[in-house]
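Here is a short report on one protein model. Look at the structure first, then read on.

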Amino acid sequence: MRAMQTLVAIIGFGSIPFAALGETAAEPDLEYPVPILAGANYDPDIPTLESLLGFSVGKRIAAPAEIEAVINAYAKASSRVAVFEYARSYEGRGLYYVAISTPDNIARLDEIRGGWAKIADPREIESDDADELLQQLPAVAWMAYSIHGNETSGADAALALAYHLAAARDPQVEALLRDTVVLIDPMMNPDGRHRTSEQLAQHRGRQRNIDDQSLLHTGYWPWGRTNHYLFDLNRDWIYGVNPESRGRIAAAGGWNPLLFVDAHEMGAQDTYLFSPPRDPHNPNFPPSLGPWVERFAEDQARAFDANHWPYYTGEWNEGWYPGYSNAWAGLRGAVGMLYEQASVDEDGILRADGSVLTYSQAIHHQFVSSLANLQTLHANADQLKRNFLEIRRAAVGANGPYARRSFAILADGNQGRIERFVDLMQLQGIEVYRLTQPLMTRATDQLGRTSSVRLPVGTLLVPNRQPEANLVATLLEFDPRMPEETLKKERRELLMRNDSRIYDVTSWNISMMFGLEALELPIALPQQVEPVSTTIAAPVAVDGTALAYVFDGRDDRSVAAAARLAVRGLTARVGEKEFTLDGTAFARGSVVVTRYDNRDEQELAGAINAVAAQLKIAPTAITSGWGPGDAPDLGGGYFVRLTAPTIAVLARGGIRPYDYGNVWKLLDQDIGIRHSQIDEALLAETDLRRYNVLVLPDRWQGELDSAAVERINDWVAAGGTLIAIGQSAAQLAQPDQGVDAVRALPQALEELQTFELAVLREAMADQDTRLGDSVWSHGVTTDYRFPWPADADWPEIEELQKRDDWLKLFMPQGAFVAARVDTEHWLSFGSPATLPVLYGNAPVLFSAPPAETPVRLGAYRPAADAQSSAAGEDEAVRRAGWLALPDEQGLDLRMSGLLWPEAAQRMAHGAYLVRETVGDGQIILFAAPPSFRGATLGTMRLLANALVYGPGFGSSQAIRP
Ligand SMILES: [Zn+2]
C-alpha cells in the first residue's frame, strides 16, 4: 500500500539528487548517436516507423491513435503480422495484441492456441500425445508495455520491436519466428497514455526541457499512470475490475504464454531494473520458474553489458503481491520479467552526473531487453515447454501439492456478490462447483479456527486441484506467511530506517475482499457437486399492480436499485429491520416500493422493470402489508422513506487520486447515478445547497483550509450528510473541525477513559446474558461491579504519546483485520457480524456516544481459546491495546497479511466506521478507504449504504412546502 502513500509513487519518480541546472554552459547532445533500428536487413515493403509516425523513433511519444495506426499498417503490409482487439477502455479506445510469427504460424494461430490450451489442462491428454503436441507447438511470448500510461518508453519500444520482427530479414529473426509466436501488447493503458500525451503536448516548448522537476516531465493531477477511473491496472490482474484487465486476463490467459514481459519506468535519475525480484516471494509461485527467471535475467544483463549500460536486479521490487502483470503470469506458469527504465519522456533528462539521458536511449533499453528475453526463450524453448507441462501436471495431479484442499464459499443470500465471485473465478479460468447434498467435513475459518461443519446445499466449492492450482491457492488461501528471515529484514528496516521493504499490500484474499464467509477444507472435491456458471436470466417484468415490490437488502444490488428508483422520481422505502410479507422473509435494508407512495401504475412498472433489467435483479411482488406478530407492517415506522441522494465528491488539490477514483467508479458504474465532482480549489465558491451528500476522499497532502471546513460544517448542520475517508476523516476528528465524540490517535490518548467505557458499553449490550437473578432480587447487592476495570489508571499522557509513537512505526502496508459490526445499524445493511477490513497506514480513530460506531476493529471470542487472553487471571486490567477487554473475552484482529503485534496494539477497538449527528445533518467517517481497487465489496457496501441511504436515514430534510 506504500504505492498509495506517496506522491512519488503515483508520479513514478524516485527521489532526485540534482546537480545545478542553471549552469548548462553548452547544450548537451540530445540526439541519441545510435539509431535503435540499425544494422538489420529490413524488408523495404514494410513501411518504416518514421514514415508512419512522421517523426523518428524517440523524438516524442506515439499517442494511442498513432500506435493503433502503426500496428494496423504492419498487419496490412506483412503476412507475419495479425492484430487482435481484446478490450475497449472506458474512454472507448481499443486494446490490442499484435501476433508476429512466420506466415505459416500466423495462418494457424487458432490451432496453436488450442494446442496450448490442451497442454495447460493435462487432465484431458495422454502423456504421449502431450509430448507429440509439445514438439509441434511454437513457444508463445506475451510482451506487454506501458500499463502505467505515463511510463511511456515501453509502448514506443513495442512499436520498434514489432517493426523489427515484421521486417527484419536476418536469419536469427526468421528462426525465432519459426519457433515462436510473439504477442505484443503495445499499450496496456490507452486512456492513461492519452492523458500523458495531452499533458506533454500542452507543455512542449520550443526549447528543450531536460529538468525532471518541470511540468513536462512530472505531469499533474491525476497524472497518466492510471486508467479512466484512476485505477492502477498493474494491481488489477487478480481482481479483474476494469475492462482493460478483463479483456487482457482472458486474452493472455487464453494463450498460455511461456514468457511474459511487462515494461515499466521508474525515477528519472535511476538506471534500469529487471527481474528477478527480491524476497518475499509469493509462496504459490511455481518453484521451477525461479531458476528460469534468473536465466533470462543473466542473458538480459549480458546484452546490457555489451552496450556498457548500467542496470540492477532485486533491489526494491519484491515478489509477494500477486496482482502485478509478471506475478500473475508467473502464477499461471510463465517466466515473468519486469522491466523498469528510468523515466525520460521526450526531451531527455539531465542527470546528476551531468549527462543527458535521451528518450531514444530509454526506448533502446526496452527494445534490447525485449529482444534478449525473446532470444533466451527461443534458445531454451524445449525445456521451457516441458517445464510448463510439468507445472500443470503438478497442479492437477492426484498427489500434487494442492490435491487435498478445497475452499468453500458460504452462500449468504447476497446473490449479487456471489455472482461477482463466480464471474471473477471464471474470468481467471478457475472451476467452481456447488454442493448438491449437505457435506460434513472439518473446516478452518478465516480466523484460523478449525471445527467440524455441515455445509448446506448451495455452498460454493473451489477445488484447489485444477489447472490453475497456483492461482487458486494464491487467491483463496487465507493466511500465507512470510519466512522468518523476511520478517527479520522487514523489522530491521522499520527500526533502523523507519521504512518498509514491502512494496504493496500483504493480503488480497478474495473471500475477505468480497466480505464473504469462507472455509478451507482438507479434502479434494467431493462427488455431490455440480459445476457453476454465471448465466443470469433477465428478471420477469412486473405490471405495477401489486401492493408493493421488494428488492432484498442482503443483495448489494438493492442499494443501486434504491438509488436508481429514487433518481427516477419514485419514492422508495428501506426496511430498518428484517420483515416478513406474504410469507417471504426479507433482510433488513430491503428496498420497498409501494403503490401507496407511487400512485401511477405504469410509471411504477416502467421504473421497476428498467432498474431490474439493468441490475439483473428480480423484485418480489407483495400483495399484503401485514407483517405477522410483531414483525414490521408495511405502513409502520420501520420503513424509512428515502430522500433521493444528490451527491458531490471533492477532487484534485490534496485528494488522493486513487481514493477519489474508487468513489467515482462506485457512484458512476456500480450504483449508477448522476453526481458532481468539485475542484477543491473552488470549494469556497461552490453552492453546496445543491447537494445533500458530500464526499471527502482520502488525502495524501495537507488539510482542507479552515474556511472550507467551516462552510462544510454549516452545510452539515443544515441537513447535509458528510462522508469523509482516511486522512479527511482524521481532520474532521480534530477538536472544533466537525465531530465531537471521535478523535484520531494521538489526540485520542487524552480521552481513553471515555473511549474505554464506550467499548465496554457496546460489549455489554451484546454479551450480557445472566440478567434475571440480579434484576428480580429484592435486595441491593453489596458487590456491584462497574464494567470498567477497578484499577483503571493509564500512564501519564507523555508516556502514552511515547508508546503511540513507538507503535506507529509498525503500521501495516495493508493487511486484513477482523471488525465487529453493529448488525442493527442502517450503515451495516448487507454486512455479516464479522467483517474483514483491509487496513493500511491509515488514521486510527476512537469514538464514544453520542457518536455511533457501526464497525469497530477487533472481533471478540471467548477468552478460553482467545489468543489475546494470555494475561493471567490475577492481572488487574486485561487490555487489548489501549482499552480494556470485557470479562471472559479475548480479541482477534489479524485475519491475513503482515500485521505486527505493535500495530495490533495500536489499532485494537479502533472505530472503522463512525457516525455522528451534527445539527440536522450527520458526519460519517471511514478510518481507512472502504473501496480498495474497486474489489473490497464487503466494505464498499458500507460506503454505498452511506451514499444512498444517508439523506433518508441519518439527517432530517426540510419539508419543502
Ligand atoms: Zn509502472
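This report covers a metal site, a sheet and a surface patch.

**The zinc site.** The model is predicted. The protein donors of its zinc ion come from His 148, Glu 151 and His 264.

What is the arrangement of the four donor atoms around the zinc ion? It is irregular, because the angles run from 55 to 153°. To count as tetrahedral, all angles would have to lie between 85 and 135 degrees.

**The sheet.** Eight strands form an open sheet with mixed pairing. Their order is β1-β2-β4-β3-β5-β10-β6-β8. At the edges are β1 and β8, and each of these pairs on one side only. In general, strands of a sheet pair through backbone hydrogen bonds, either parallel or antiparallel. Strands β5 and β10 pair in the parallel sense, over eight bridges. Within this sheet region, Val 261 stands opposite Met 337 of β10.

| β1 | 81-88 |
| β8 | 312-313 |

**The surface patch.** Leu 757, Tyr 784, Phe 786 and Trp 788 make a nonpolar surface patch of about 420 Å². Where does Tyr 784 lie? Tyr 784 is in the loop between α26 (772-776) and α27 (797-808). Its relative accessibility is 52%, so Tyr 784 counts as exposed. The cut-off for exposed is over 50%.

Technical notes: Residues numbered from 1 in each chain as written. Predicted model: local features only at pLDDT ≥ 70, side-chain atom pairs only at ≥ 80, totals over all residues. Heavy atoms only, no water. Donors = N, O, S within 2.8 Å, 3.2 Å for Na, K, Ca; no water. Tetrahedral: all angles 85-135°; square planar, octahedral: opposite > 155°, others 65-115°. Patch = residues over 30% accessible without salt bridge, like charges linked within 9 Å, V, L, I, M, F, W, Y side chains within 5 Å. Areas by Shrake-Rupley, 256 points an atom, 1.4 Å probe, with all protein chains shown as cover. Salt bridge = Lys/Arg side-chain N within 4 Å of Asp/Glu carboxyl O. Helix = DSSP H or I, 4+ residues; strand = E, 2+ residues; numbered from the N terminus. Buried < 20%, exposed > 50% of the residue type's maximum accessible area, 1.4 Å probe, protein only. Pairing = 2+ DSSP bridges.
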